[in-house]
Amino acid sequence: DPPSKPWIEERKNGKLNVNWHPPEQDGGFPVTHYRLRMRKIMGASRLKSMVRPGEANAVWTDMGTVPANSKEKEAPSVYQAWVGPVDAGAEYRFQVFAYNQTGESEASELSDP
């Protein structure tokens, strides 16, 4: 299974705190780490929601990995990663992948902007 849909928990000092839950099922092998991807669309804003820049203007960036909790089964976690700096005039959305010895999970749903 993919990790949960990520959400932005906090915005602070030009950075975003992105959070997610582990997948419900790990395929029989523990998750070793998570990979976070960020989609940035310049010129997007909540005020321009009727006329948003298109997906063609989106830039995907790998934001790195976060190690998994080795005791995930006993105490499920909320994972987090601070990302930034972010531009005020851009829309950011995030996606998370889980990894174990069998490979990469399906992508999580995209976060809300």
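In strand β5, A81 is the residue that V18 has as its bridge partner, where strands are DSSP runs of E with at least two residues, numbered from the N terminus. Strand β2, residues 15-20, pairs with β5 in the antiparallel sense over five bridges, and two strands count as paired if DSSP finds at least two bridges between them. These two strands belong to an open, antiparallel sheet of three strands in the order β1-β2-β5, in which β1 (7-12) and β5 (79-83) are the edge strands, each pairing on one side only.

This is a predicted model, in which local features need pLDDT of at least 70 and side-chain atom pairs count only at pLDDT 80 or more, while totals for chains, interfaces and linings use all residues. Residues are numbered from 1 along each chain as its sequence is written, and side-chain values use heavy atoms, leaving out hydrogens and water. The chain averages a pLDDT of 88, pLDDT being the predictor's confidence in each residue, from 0 to 100.

The structure also holds five salt bridges, each a side-chain nitrogen of Lys or Arg within 4 Å of a carboxyl oxygen of Asp or Glu. R35 forms one with D62, their closest N and O atoms being 2.6 Å apart; because R35 lies in strand β3 (residues 33-42) and D62 in strand β4, this pair ties together parts that are 27 residues apart in sequence. R35 is buried, with a relative accessible area of 17%, whereas E104 is partly exposed at 44%; buried means under 20%, exposed over 50%, and partly exposed in between, with a 1.4 Å probe and protein chains only.

How values were computed:
Helices (H or I, at least four residues) and strands (E, at least two) are DSSP runs, numbered from the N terminus.
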